[in-house]
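Let's take a walk through a protein model, one spot at a time. Keep the 3D view open and turn it as you read.

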Amino acid sequence: MVLGDFEITHIQPARYRWDGGTFFGVVPKTLWGSKAPTDELNRIEVAFNSYVIRTGDHTILIETGAGDKLDSRARERMALPEKHEDLPGIVAAHGIDPETVDIVINSHLHFDHCGGNTILTDAGPVAAFPRARYFAPRGDWEHAHERHPRDSVSYNDANYDPLVDSGKMSLVDGDAEIVPGVRMRRAPGHNRDMCVVTAESGGRTFCFFSDLVPTTNHTQPTWVAAFDIYPVESIDQKTVWLGRAADEAWICGLGHDSRVGFTRIERDERKQFRAHPLP
Ligand SMILES: [Zn+2]
């Protein structure tokens with residue numbers, strides 16, 4: 001995908017399965033079931049989505065998937081292959097030298113968005129992208145360390161603390177321009193400090209919605225996942241961000257859609273918004 005001076009590549013660290021009910025919150029299965037088919041364990045197919053933005057000056061990786069720190073029971077629950085496939089190798093398979101990645105952005109620090117930041121070695125976790133400066137929202141890092149019973153299971157300090165301790169990770173307060181045209185923008189709802197990531201070049205905008213809009217089946221503002229901690233705020237934020245995406249013809253990436261790498265957003269009389277996937 002070429003966007004002004006930027007080249008954007010969709011990368012999928014892995015597809016996996018997760019309980020369908022949790023992905024649709026209070027929406028009954030009679031409504032979502034036909035759009036997202038379930039297996040015998042009521043799981044739907046989803047994915048970890050990453051994007052690489054090449055600006056000419058920088059190679060920026062957004063999100064790093066679940067990484068190599070899930071035990072075999074967790075991998076089985078998620079229908080992940082037994083053996084972890086390493087992200088630098090997947091990046092290389094897309095024709096991008098992982099050594100050139102100089103910036104990694106995490107929209108938030110749940111394990112499924114930053115697990116590939118580090119690689120486990122005999123000496124402990126080390127940066128998977130050694131040349132990169134990493135960025136994540138400070139508020140989410142602080143929240144991770146609060147270990148709240150509601151969502152502590154989503155955090156694994158090995159994914160970020162070694163990077164913070166070694167000075168490789170910068171914690172970002174609120175909105176921030178990481179390099180010219182590429183911004184982290186706070187969009188709370190899924191949790192308090194999650195960010196979307198926008199990239200603007202040549203008058204065009206790409207927006208990675210992360211868990212604000214996890215799949216194309218979540219473009220209706222009220223279709224909010226059960227794991228969102230502030231669902232009312234999710235609805236309000238989705239209304240704002242999807243409205244901008246529709247009105248300004250943004251190209252969008254979604255946190256967990258297994259089939260769609262890039263989509264436009266259109267206004268819809270009945271559902272407010274709908275996805276229009278791009279080939
Ligand atoms: Zn997620």
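Start with Ala 249, which is partly exposed because its relative accessible area is 44%, a value that falls between the 20% and 50% cut-offs. Keep in mind that you're looking at a predicted model. You'll find Ala 249 in the loop between helix 8 (231–247) and strand 14. What is the phi of Ala 249 near? It's near 55°, a positive value in a residue other than glycine. Most residues other than glycine have a negative phi.

Arg 147 is another spot to check: its phi is positive too, near 50°, and it isn't a glycine either. This one belongs to the loop between helix 6 (138–146) and helix 7. Arg 147 counts as partly exposed because its relative accessibility is 38%.

| Residue | Phi |
|---|---|
| Ala 249 | near 55° |
| Arg 147 | near 50° |
| Gly 181 | near 95° |

So where does that glycine sit? Gly 181 belongs to the hairpin of strand 10 and strand 11, which has 2 residues between the strands. Strand 10 (residues 176–179) and strand 11 (residues 182–186) run antiparallel, joined by 3 bridges. If you'd like to spot a pairing yourself, look at Ala 176, whose bridge partner in strand 11 is Met 184.

Now for the metal. Which residues hold the protein donors of the zinc ion? They're Asp 112, His 113, Asp 211 and His 256, with Asp 211 listed for two OD donors. Asp 112 also gives an OD atom, while His 113 and His 256 each use NE2. These donors lie 1.9 to 2.8 Å from the zinc ion. Along the sequence, the donor residues are spaced D-H-x97-D-x44-H. Asp 112 is in helix 5, whereas His 256 is in the loop between strand 14 (251–253) and strand 15 (263–268), so this pair links distant parts of the chain, 144 residues apart. Are Asp 112 and His 256 buried or exposed? Both are buried.

Asp 112 turns up again in the largest pocket. This pocket has a volume of about 510 Å³ and is lined by 22 residues. Nearest its centre are Trp 18, Phe 111, Asp 112, Val 153 and Ser 154. Strand 2 (6–19), helix 3 (72–77) and helix 5 (111–114) each supply at least two residues of that lining. Sorted by class, the lining has 11 nonpolar, 4 polar and 7 charged residues.

Finally, look for the greasy part. In soluble globular proteins, nonpolar side chains tend to be buried together. Here the largest nonpolar core has 24 residues, and Phe 129, Tyr 134 and Met 169 touch the most other members. Helix 4 (87–93), strand 8 (133–137), helix 7 (161–165) and strand 9 (169–172) each supply at least two residues of this core. The largest share, 3 residues, comes from helix 4.

Note on methods. Residues are numbered from 1 along each chain as its sequence is written. This is a predicted model: local features need pLDDT of at least 70, side-chain atom pairs count only at pLDDT 80 or more; totals for chains, interfaces and linings use all residues. Side-chain values use heavy atoms; hydrogens and water are left out. On a 1 Å grid over the protein atoms alone, a cavity is a set of points where a 1.4 Å probe fits but cannot get out, and a pocket is an open set with protein on both sides within 12 Å along at least five of seven lines; lining residues have an atom within 4 Å of a point. Grid points are joined across faces, edges and corners, and a volume is the space filled by probe spheres set on the points. Helices (H or I, at least four residues) and strands (E, at least two) are DSSP runs, numbered from the N terminus. Ala, Val, Leu, Ile, Met, Phe, Trp, Tyr, Cys and Pro count as nonpolar, Asp, Glu, Lys and Arg as charged, and the others, Gly among them, as polar. Donors are N, O and S atoms within 2.8 Å of the metal (3.2 Å for Na, K and Ca); water is not among the atoms, so sites may look incomplete. Buried means under 20% relative accessible area, exposed over 50%, partly exposed in between (1.4 Å probe, protein chains only). Two strands pair if DSSP finds at least two bridges between them. A nonpolar core is a set of buried Ala, Val, Leu, Ile, Met, Phe, Trp, Tyr and Cys residues joined through side-chain atoms within 4.5 Å.
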